[in-house]
Amino acid sequence: MMPIDRIVIGLTLSLLVAVGQAAEKPSESTQVSPRIVGGEDANPDDYPFFAKVFADGSSCGGVLISDEWLLTAGHCVYEEGVVAAADTFARIDTEILLVSEIYLHQSYNDSSLDYDYALLKLSEPYAGNLELPILASASIYQELTPDADSLTVIGFGYIAGGGPPATSLQQVQIPLITVEQCREFWSGQLISNRMFCAYHPERDACNGDSGGPVLFGSPGSFQLVGLVSWGDNACIEMPGGYADVGVVRSWIDGVRAGDYPASEAGELRDSGGDSGGATGLLWWPLLLCLLWLRRFREQAL
């Protein structure tokens, strides 16, 4: 017979997955987090570093870059001047990873989504598969060739504009394009030196994929070059905007070395902001249940 704590935790995880998928909804804005459309089922074993991040009202992707650190988009943990910290956690496969500290990039701009990066420090080191992607160390445009190199984007977001959400991990290949090509579609949209664009008329990321990894290469030798950041609400026929990981490599290394203070958390945000689109109030009691069970087990040891 399975111990009662495992039964309840298993039920909690199932509910978290169902709530995170069912509650995601598109924003009415065009400057929203992109979403995977036109992809195919992925083999999760090819992406053991992929995480799903929950942060009070948001359901996003993320990527494990060490046994203690997760990288995700800044807008996944920030809304209306508030950083959500105490209620942030992640899930890899069926394992819940609690977050102890959030480091939102100090230059993050919520209007333009410039510097769209956040590092999450785990409460305990992750003991699972640590086959991690290689972190890019320079701008993607210094390393790869637009119109020749394609990028891999993965996530559990919508598989069409407006839904439904994916029921299994999706992957899609999207060609890198130049900033100039991107601006032909996005007239007036800020495309900073911390961003790059990828485009295929029938493929894109979608709601719920924000913060997920953008990869170059193949399983076992992936390079992490970006994070899903912004795009068009329809999820097709427009380039997607991505946060360039290589240009902030020194910031990532500095945070991990302790050179920056953790972001101060404010009051819990109201749910309903885009940031990937989940409804935090629904899964928050489930997380409390999980934390109670964990404390009970620690006291019993």
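## Disulfides

The link of Cys60 and Cys76 is left-handed, with -95 degrees about the S-S bond. The two residues belong to distant parts of the chain, 16 residues apart: Cys60 is in strand β4, whereas Cys76 is in the loop between β5 and β6 (78-79). The model is a predicted one, and in it the sulfur atoms of Cys60 and Cys76 are 2.2 Å from each other.

In general terms, a disulfide is a covalent bond between the sulfur atoms of two cysteines. A search of the whole structure finds two disulfides, and the link of Cys60 to Cys76 is one of the disulfides in the model.

## The barrel

In which order do the six strands close into a barrel? The order is β3-β4-β5-β10-β9-β8, and the pairing is antiparallel. From one strand to the next, the twist averages 40 degrees. Helix α4, formed by residues 249-256, packs on the sheet and touches β5 (69-72), β9 (95-104) and β10 (118-122). The direction of helix α4 makes about 25 degrees with that of β10.

Ala51 stands opposite Gly62 of β4.

Strand β16 (residues 213-216) pairs with strand β12 (residues 150-155) over two bridges, in the antiparallel sense. Here Val153 has Val214 of β16 opposite to it.

Strand β16 is also joined by four bridges to strand β17 (residues 223-230), and these two strands run antiparallel. Pro213 stands opposite Leu227 in β17. The hairpin of β16 and β17 has six residues between the strands, and in this hairpin Gly217 takes a positive phi near 115 degrees.

Rolling a probe the size of a water molecule over the atoms shows where empty space is left. How many cavities of 30 Å³ or more does a search of the whole structure find? The search finds one. The largest cavity holds about 50 Å³ of space.

Which residues line the largest cavity? The lining consists of Asp46, Phe49, Glu131, Leu132, Pro133, Gly220, Ser221 and Phe222. By kind, the lining residues divide into four nonpolar, two polar and two charged.

Definitions and conventions
Residues numbered from 1 in each chain as written. Predicted model: local features only at pLDDT ≥ 70, side-chain atom pairs only at ≥ 80, totals over all residues. Heavy atoms only, no water. Pairing = 2+ DSSP bridges. Axes fitted to C-alpha atoms, helices over the stretch in contact; angles between N-to-C directions. Contact = heavy atoms within 4.5 Å. 1 Å grid on protein atoms, 1.4 Å probe; cavity = no way out; pocket = protein on both sides within 12 Å on 5 of 7 lines; lining within 4 Å. Points joined across faces, edges and corners; volume = space filled by probe spheres on them. Nonpolar A, V, L, I, M, F, W, Y, C, P; charged D, E, K, R; others polar. Disulfide = S-S within 2.5 Å.
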